[in-house]
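This briefing covers helix packing, aromatic pairing and domain layout. Please read it alongside the structure shown below.

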Amino acid sequence: MNITIVNLAYLLAAVLFILGIKGLTRPKTAVRGNMLSATGMLIAVVVTLLDRSILTYDFIVAGLVVGGVIGAVMALKVKMTAMPQMVALLNGSGGGASLGLAAASYLQSLERADFGTGAIAVLAVFFVAVTVIIGAVTLTGSLVAFAKLQEIIPGKPLGFAGMRYLNGVLFLASLAGLAMLIANPGNTPLFWLTVAVAAVLGLTLVLPIGGADMPVVIALLNSYSGIAAAAAGFIMGNTVLIIAGSLVGTSGLILTKIMCVAMNRSLTNVLFGVMGEVGESVDADEYYAGKIKSATADEVAMVLETARRVVIVPGFGMALSQAQHAVRELMAAMEKRDIEVEYAIHPVAGRMPGHMNVLLAEAEVPYEKLVEMDRINPTFEQTDVAIVIGANDVTNPMAREDKGSPIYGMPILNVDKAKTVIVIKRSLSHGFAGLPNPLFTKENTLMVFGDGKKAVVEMTAALDAA
Ligand code: NAP
């Protein structure tokens, strides 16, 4: 294929990727953004296939069919609540694909003895080694993240106190492997040893991370998968792979930074900070004994009747009980009574970035009703009722008040400043971070125990009847 046509097609694909990402920043344009990016990827794949003088399509077609079917089934079947696990698996597949590509290219170059000479040889081996190291870390790290989020292994930090030193040693060993491979590219056992060390590093990096830090790790692994793909692009001399990989790498890093800021944590602290501190179990009966006031739907309706401003605070429990449509109905019932209703959106509520936005958009809650944490927090003092539905960690005042708490410093929604707080959940059990929540014991808090959707439907009926 003519090189100019190939490059123009790659440029078009790159522009479509960038427009796609831009589209994804707003719910209204997100579907179009997704389509644009997918079209860019289709162009990139087709042009690459036509450009590479492929001798047989057998394996490519087989891979397309198998991968396409697995991907389609997963996308159709995955529950919204299991999306982070799915993203972790996709990140791992990206890392694994780059690792496989670099290893195949390395073995092929050895067979043909065509690493080149001088600077070219150094660069070729450098990119192979970088790709396999980052690819292996991404693959095994993502599998651990998947296993944690899927609760195949415990979600809390796992490991031993000196694990960060082991990680340091493994990291240095990977770098040493890289340097030695450049000096001696033909040493296959050294190549596989470097891959193995990086694979173990992926495991030991993610095992000690847990609790509220998991979303940050997923975003970081997403970034790694992009960097590995970009490095693989240098091995293949494929510009569109370099561009796509760089876009994923940088957007993953930006997301990681945004999430760290949302949790008031530094990345170093997330990666190496909290081993063993999160998840210490507290006996709920003992902690809350005699300090809880509960209310029925009718009692909540009475409180709402006199309210002028209500803020709904959704969390992971709303996703689990699929209460988003019921919540919109409750909003409509309140608005009929001229009550001003807004939603408070915490950046890490739920189990993936934007989780609450997606659910509420699905229930056709107007987007302007969703107010980000920084803008809604100053309004809680003028709020009559805050209805917390299935949110826990993101409302936990320990983050503000308890210096010894593992979540100290994480910005939270200051719902306790509202005149009355209604908390809907099934029990007094903890949230993702495994901590008790002093909000439930506050003077102005009323607990409504039950499934989120059922409780909200009952409240709406009670308010309509009042
Ligand atoms: P959370 O702290 O995990 O708490 C969710 C609450 O929902 C639980 O306390 C649970 O209590 C309740 N719940 C469960 N099923 C329910 C149902 N059917 N009806 C009503 N309530 C139900 O949730 P969050 O406040 O949204 O905080 C999110 C946490 O996840 C943060 O720690 C965050 O860092 C972490 N995280 C976030 C992401 C992300 O990207 N957003 C990803 C991974 C982890 P009961 O069992 O008593 O009902």
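In this predicted model, helix 12 crosses helix 18 in a right-handed sense. Helix 12 covers residues 297-305 and helix 18 covers residues 452-465, and their axes lie 8 Å apart at an angle of about 55°. The two helices are therefore oblique to each other.

**Helix 12 and helix 18**
- On the helix 12 side, the contact is made by Ala297, Asp298, Val300, Ala301, Leu304 and Glu305.
- On the helix 18 side, Glu458, Met459, Ala462 and Leu463 meet them.
- Seven of the residues in the contact of helix 12 with helix 18 are nonpolar, three are charged and none is polar.

**Helix 1 and helix 2**
- Helix 1 (residues 3-23) packs on helix 2 (residues 27-51) at an angle of about 160°, with 7 Å between the axes.
- Angles over 145 degrees count as roughly antiparallel, so helix 1 is roughly antiparallel to helix 2.
- The crossing of helix 1 and helix 2 is left-handed.
- The contact of helix 1 with helix 2 involves 15 nonpolar residues, eight polar and one charged.

**Helix 4 and helix 7**
- Helix 4 (residues 83-112) and helix 7 (residues 188-206) have axes 12 Å apart, at an angle of about 175°.
- That angle makes helix 4 roughly antiparallel to helix 7.
- Helix 4 contributes Leu99, Ala103, Tyr106, Leu107 and Leu110 to the contact, while helix 7 contributes Thr188, Phe191, Trp192 and Val195.
- The residues of the contact of helix 4 with helix 7 comprise eight nonpolar, one polar and no charged.

**Aromatic pairs**
- Six aromatic pairs turn up in a search of the whole structure.
- One of them is formed by Phe127 and Phe234, whose ring centres are 4.5 Å apart and whose planes stand at 10°, so the pair is stacked.
- Phe127 belongs to helix 5 (residues 118-149) and Phe234 to helix 8 (residues 214-236), so the pair ties together parts 107 residues apart in sequence.

**Domains**
- The chain is divided into three parts: domain 1 (1-77), domain 2 (83-271) and domain 3 (284-465).
- The centres of domain 1 and domain 3, taken over C-alpha atoms, are separated by 41 Å.

Methods:
Residues are numbered from 1 along each chain as its sequence is written. This is a predicted model: local features need pLDDT of at least 70, side-chain atom pairs count only at pLDDT 80 or more; totals for chains, interfaces and linings use all residues. Side-chain values use heavy atoms; hydrogens and water are left out. Domain bounds come from an automatic or database domain assignment. Axes are lines fitted to C-alpha atoms, for helices over the stretch in contact, and angles run from 0 to 180 degrees between N-to-C directions. Helices (H or I, at least four residues) and strands (E, at least two) are DSSP runs, numbered from the N terminus. Angles under 35 degrees count as roughly parallel, over 145 as roughly antiparallel, 65 to 115 as roughly perpendicular and the rest as oblique. A crossing is left-handed if the near helix is turned anticlockwise from the far one by less than a right angle, and right-handed if clockwise. Contact means heavy atoms within 4.5 Å. Ala, Val, Leu, Ile, Met, Phe, Trp, Tyr, Cys and Pro count as nonpolar, Asp, Glu, Lys and Arg as charged, and the others, Gly among them, as polar. Rings of Phe, Tyr and Trp (its six-membered ring) pair if their centres lie within 6.5 Å; planes under 30 degrees apart count as stacked, over 60 as edge-to-face and the rest as tilted.
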